[in-house]
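This report describes the fold of one protein chain in plain terms. Look at the sequence and the model first, then read on.

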Amino acid sequence: MSVRVRFAPSPTGYLHVGGARTALFNWLFARKHGGSFILRVEDTDEARNTDAAKQAIFDGLNWLGLDWDEGPGKGGKHAPYFQSERWGIYDAWFAKLVATGRVYQDDGAWRFRFERKPVTMRDLVCGEVTIDYRDEANTPDMVVKRTDGSYVFHFVNVVDDLEMGITHVIRGEDHLMNTPKHLQLIAALGGTPPHYAHIPLILNPDGSKMSKRDAGAAVDDYPRQGFLPGSVVNFIALLGWSPKTNEEIFTLAELVDRFALENVNRAPGRFDFDKCKWVNQQHLMLLSPADFTLAAQPFVAAAGLPVPANFAAVMAAVQDKVRLLGEVPPAVGFLLLDEFSYDGETVAKVRGNGAAKELLGDLAAGFNGISTWSADAAKEVLSATARAAGAKPGQLMFPLRVALSGRAHGPDLGDMLDLLGKDRCTARVRRFVAML
């Protein structure tokens, strides 16, 4: 049996990270087993669906690298893949329920007549779940067709899964209690049910439900902040799935190789945005210098910063310092422009070192006397300047860093000396001395 899975989002807003995680697990399962990943759009809610929301789904999946084998823009033998275009199909399947007496009218709506017996499902993640339909007060017959003639989610969802030959339904745990209803519908329609796997919900770090307003909820925010798609895929894969090792950083190909439904956790995933940024940093560090430079350049340009001849060297100096590509412009601004701001607390700390002003003044003179500039030559002058004043070189390194960059942290001091060169370093030290 060839594996066929589907992702069936409703286009009522942006692509939520929870939906992206559901799509990812389906995609990984299909790729692992050489199967098909189908994108099906549940767009029957005319009041809430928008073309922009549909495009956000397509753009988000494409950015993440989750290509679909059948669906919008790809076609397939089970087209159309928009539910709004499948009414004729639903009518034909509904007629089967009418013919077998499994539906009846109730105040203009049509209800599906449940069989009054316990229904047991065997979920690939949650295990065995039983719903007892013998008490009609707790499990009233389900509306499948509204008074306006439209069909409810449960009916069209089941019909589409049967029509499209879906073998495995991998979806959020919030749908777990819907599945016994779907099993009854499938049996009434004479179909074979797919295997079900209900994956855990994604919660905030404090255990609350993740809302649309929470940081990290909208997939389309990630590229704007400077996340790499591979790092986001890596992070959301770990929200509810475990490789059963201590490894945390994976490529998409490695995830395909390692993914198994048996290793999906039962407990909810906790979304930690700082951890997501850390994962992105690990992926940034794995890029070649050329690829990092190429990825960072649009962010630098968008910030209005110049791109000098030594731009690649500037990027190399901060590749292991930033978590996001969006952090690159503020990290390199002082290397690209001579006008930059100074951190007040950091400057105050330098002022607290009574000898700093005189030492920096001597250092500027020493820098100016270097005939062939290099970071090593500059450091030798720094050491000599400190020794002449009876100080240790380390006492001068921090004030020099602040003089060159305006901040306490950043690229390696040697990189800064090399990238700025003799004239700019000398001028910045003198300017800082004047400030002190």
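Strands here are runs of at least two residues that DSSP assigns as E, numbered from the N terminus, and two strands pair if DSSP finds at least two bridges between them. The model is a predicted one.

In the hairpin of strand 3 and strand 4, 2 residues lie between the strands, and Asp107 takes a positive phi near 55 degrees. Strand 3 and strand 4 (residues 109-112) run antiparallel and are joined by 4 bridges. Within this pairing, Asp106 stands opposite Ala109 of strand 4, and Tyr104 has Arg111 of strand 4 as its bridge partner.

Strands of a sheet pair through backbone hydrogen bonds, either parallel or antiparallel.

**Strands 1 and 2**

The parallel case is found in strand 1 (residues 4-7) and strand 2 (residues 36-39), which pair over 4 bridges. Val5 has Phe37 in strand 2 as its bridge partner. Strand 1, helix 1 and strand 2 together make a right-handed β-α-β unit. Is strand 1 covered on one face or on both? Both faces are covered: Arg4 and Arg6 on one side, and Val5 and Phe7 on the other, are all buried.

Leaving aside neighbours within four places in sequence, Glu42 is in contact with Ala8, Pro9, Ser10, Pro11, Asn49, Gln83, Phe153 and Asn157. Thr50 has a relative accessibility of 36%, so it counts as partly exposed. Thr50 and Gly13 are 37 residues apart in sequence, yet their C-alpha atoms are 7.8 Å apart in space.

**Two nonpolar cores**

Which residues of the largest nonpolar core touch the most other members? They are Leu61, Phe112, Val144, Phe155 and Phe271, out of 85 residues in this core. Helix 1 (residues 17-32) gives the largest share of the core, 9 residues. A second, separate core has 49 residues, including Val314, Val332, Val381 and Leu420.

Not counting residues up to four places away in sequence, Phe112 touches Leu97, Arg102, Val103, Asp141, Met142, Val144, Gln184, Leu185 and Ala188.

**Helix 7**

Helix 7 (residues 229-237) is mostly covered, with 7 of its 9 residues buried. These are Ser231, Val232, Val233, Asn234, Phe235, Ile236 and Ala237. The buried residues of helix 7 pack against helix 1, helix 2, helix 6 (221-225), helix 8 (252-258) and helix 9 (273-286).

Two packed helices are described by the angle between their axes and the distance between the axes. The table gives these values for two pairs.

| Helix pair | Angle between axes | Distance between axes |
|---|---|---|
| Helix 12 (residues 328-336) and helix 17 (residues 413-435) | about 50 degrees | 10 Å |
| Helix 16 (residues 393-405) and helix 17 | roughly 80 degrees | within 8 Å |

The angle makes helix 16 roughly perpendicular to helix 17, because angles of 65 to 115 degrees count as such. The contact involves residues of helix 16 including Met397, Leu400 and Leu404, and residues of helix 17 including Leu413, Leu420 and Phe432. Helix 12 and helix 17 are therefore oblique to each other. Here Phe334, Leu335 and Leu336 of helix 12 meet Met416, Leu419, Leu420, Arg424 and Arg428 of helix 17.

**Phe340**

Phe340 lies in the loop between helix 12 and helix 13 (344-351). Is Phe340 buried or exposed? Its relative accessible area is 15%, so Phe340 is buried. Phe340 touches Phe334, Ala403, Leu404, Ser405, Gly406, Arg428 and Arg431, residues up to four places away in sequence not being counted. Phe340 and Leu404 are 64 residues apart in sequence, and 9.8 Å separate them in space, C-alpha to C-alpha.

Notes:
Residues are numbered from 1 along each chain as its sequence is written. This is a predicted model: local features need pLDDT of at least 70, side-chain atom pairs count only at pLDDT 80 or more; totals for chains, interfaces and linings use all residues. Side-chain values use heavy atoms; hydrogens and water are left out. A nonpolar core is a set of buried Ala, Val, Leu, Ile, Met, Phe, Trp, Tyr and Cys residues joined through side-chain atoms within 4.5 Å. Buried means under 20% relative accessible area, exposed over 50%, partly exposed in between (1.4 Å probe, protein chains only). Contact means heavy atoms within 4.5 Å. A crossover is right-handed if, with the strands pointing away from the viewer, the path from the first strand over the helix to the second runs clockwise. Axes are lines fitted to C-alpha atoms, for helices over the stretch in contact, and angles run from 0 to 180 degrees between N-to-C directions. Angles under 35 degrees count as roughly parallel, over 145 as roughly antiparallel, 65 to 115 as roughly perpendicular and the rest as oblique.
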